[in-house]
Amino acid sequence: MTPADFDDLIVMLMQGEVEPNGTDMIVLLRARELAHGETGSDWSGSSMIAEIAALADQAFSDDPAEIQPAREVLFALRQSEASDAADDREEGIRQSKTILGHIDAARFPVTAAGAHLKLGGALPRLSWSDDGVDRSVLRQAAGHLESALALLPNEEADLRAMARYNAALAYRDLWQSGDEWEDDDDDRGKALEHGLAVLAAMDRGEFSGDRSTMSRAVLAVLMADGEPRDPQAREQTIAVLQTWLASREGKSLPRTERRALKEARDHLITRRDRG
């Protein structure tokens, strides 16, 4: 059975008709604490969990202005989590939009950023068809990812890196799908900015994304003209190649690709050293 709304969900959870997911467990725990007049658990270890607990406080409060928006957000969060388990991308998109339609992003920035991040990751997959790429959908995705980055605090390093990872790919695809690449230098610049930041996060051990995918995306931008555009781009290209080749992903590349990357790196180093 599927609950229709927050109130229906609570009843079904209490009666054991619905198996609680992660969001449900936090809401139920907070409801029990409030019923017993307890001050609440320590949520300081996770901003996301702390925000869900605070939303539950609002959902069970006496303030009519806070109750309904909080319940809409909490229900959409649990339905979004359920859609992930069912691999239902379109439902996840719908629920993320619902969250953004009701949440106070200033009070709950990580929750709002999570919805933007999910949209930014899901929309690009819907932008491609046999007829080509829908750049307007890609542009929406990039916008959601920029919104996520604007909301996420610096301590949410993994989420920030994830947003940058998806943004780098979205901007790369926007740049490559333009009629004239030269006319999309802003997209090129953003693809490079986000991509280099992601690779740096990987180097620091803050993010465990696909280094090979991101390295290829960054190199596609840096080497679009066959050679780096300037000395700075050359140094960036050498650094990307070196860290990729030294990484676990780089060492597992097919022999022919690994050899080609080494030759490209050595060629650039030789040209640099010759001045």
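**Figure 1. Residue classes lining the largest cavity of the predicted model.** The lining comprises five nonpolar, one polar and two charged residues. Nonpolar covers Ala, Val, Leu, Ile, Met, Phe, Trp, Tyr, Cys and Pro; charged covers Asp, Glu, Lys and Arg; the others, Gly among them, are polar. The residues shown are Phe6, Leu9, Thr23, Asp24, Val27, Leu74, Phe75 and Arg78. Helix 1, helix 2 and helix 4 each give two or more residues to this lining. Helices (H or I, at least four residues) and strands (E, at least two) are DSSP runs, numbered from the N terminus. The cavity has a volume of about 30 Å³. One cavity of 30 Å³ or more turns up in a search of the whole structure. Cavities and pockets are found on a 1 Å grid over the protein atoms alone: in a cavity a 1.4 Å probe fits but cannot get out, whereas a pocket is an open set of points with protein on both sides within 12 Å along at least five of seven lines. Lining residues have an atom within 4 Å of a point. Grid points are joined across faces, edges and corners, and a volume is the space filled by probe spheres set on the points.

The model is predicted: local features need pLDDT of at least 70, side-chain atom pairs count only at pLDDT 80 or more, and totals for chains, interfaces and linings use all residues. Residues are numbered from 1 along each chain as its sequence is written, and side-chain values use heavy atoms, with hydrogens and water left out.

**Figure 2. The packing of helix 2 against helix 4.** Helix 2 spans residues 22-35. The axes of helix 2 and helix 4 lie 8 Å apart, at an angle of about 145°. Axes are lines fitted to C-alpha atoms, for helices over the stretch in contact; angles run from 0 to 180 degrees between N-to-C directions. Helix 2 contributes Gly22, Thr23, Asp24 and Val27 to the contact. Helix 4 contributes Leu74, Leu77, Arg78 and Glu81. Contact means heavy atoms within 4.5 Å. By class, three of these residues are nonpolar, two polar and three charged.

**Figure 3. A phenylalanine pair, Phe6 and Phe60.** The model holds two aromatic pairs. Rings of Phe, Tyr and Trp (its six-membered ring) pair if their centres lie within 6.5 Å; planes under 30 degrees apart count as stacked, over 60 as edge-to-face and the rest as tilted. The ring centres of Phe6 and Phe60 are 5.8 Å apart and their planes stand at 50°, so this pair is tilted. Phe6 belongs to helix 1 (residues 6-14). Phe60 sits in the loop between helix 3 (47-59) and helix 4 (64-85). The pair thus links distant parts of the chain, 54 residues apart. Phe6 is buried, at 4% relative accessibility. Phe60 is partly exposed, at 28%. Buried means under 20% relative accessible area, exposed over 50%, and partly exposed in between (1.4 Å probe, protein chains only).

**Figure 4. The largest pocket.** Helix 4, helix 5 (89-102), helix 6 (109-127) and helix 8 (157-177) each supply two or more lining residues. The lining divides into eight nonpolar, five polar and eight charged residues.

**Figure 5. The second largest pocket.** Its space amounts to about 220 Å³. Of 13 lining residues, Met48, Leu77, Ser80, Asp84 and Lys118 lie nearest the centre. Two or more residues come from each of helix 3, helix 4, helix 5 and helix 6. Five lining residues are nonpolar, five polar and three charged.

**Figure 6. The surroundings of Leu169.** Leu169 lies in helix 8. At 16% relative accessibility, Leu169 is buried. Not counting residues up to four places away in sequence, Leu169 touches Thr213, Met214 and Ala217. The C-alpha atoms of Leu169 and Ala217 are 6.8 Å apart, although 48 residues separate the two along the chain.

**Figure 7. The surroundings of Glu249.** Glu249 is in helix 12 (residues 248-251). Glu249 is buried, at 17% relative accessibility. Its contacts beyond four places in sequence are Gly209, Arg211, Ser212 and Trp244.

**Figure 8. The whole protein, for orientation.** The protein has 13 helices and two strands. Its C-alpha atoms fill a box of roughly 75 × 40 × 35 Å along the principal axes. Of the 275 residues, 44% are buried. Among contacts between residues at least 6 apart in sequence, 56% join residues at least 24 apart.
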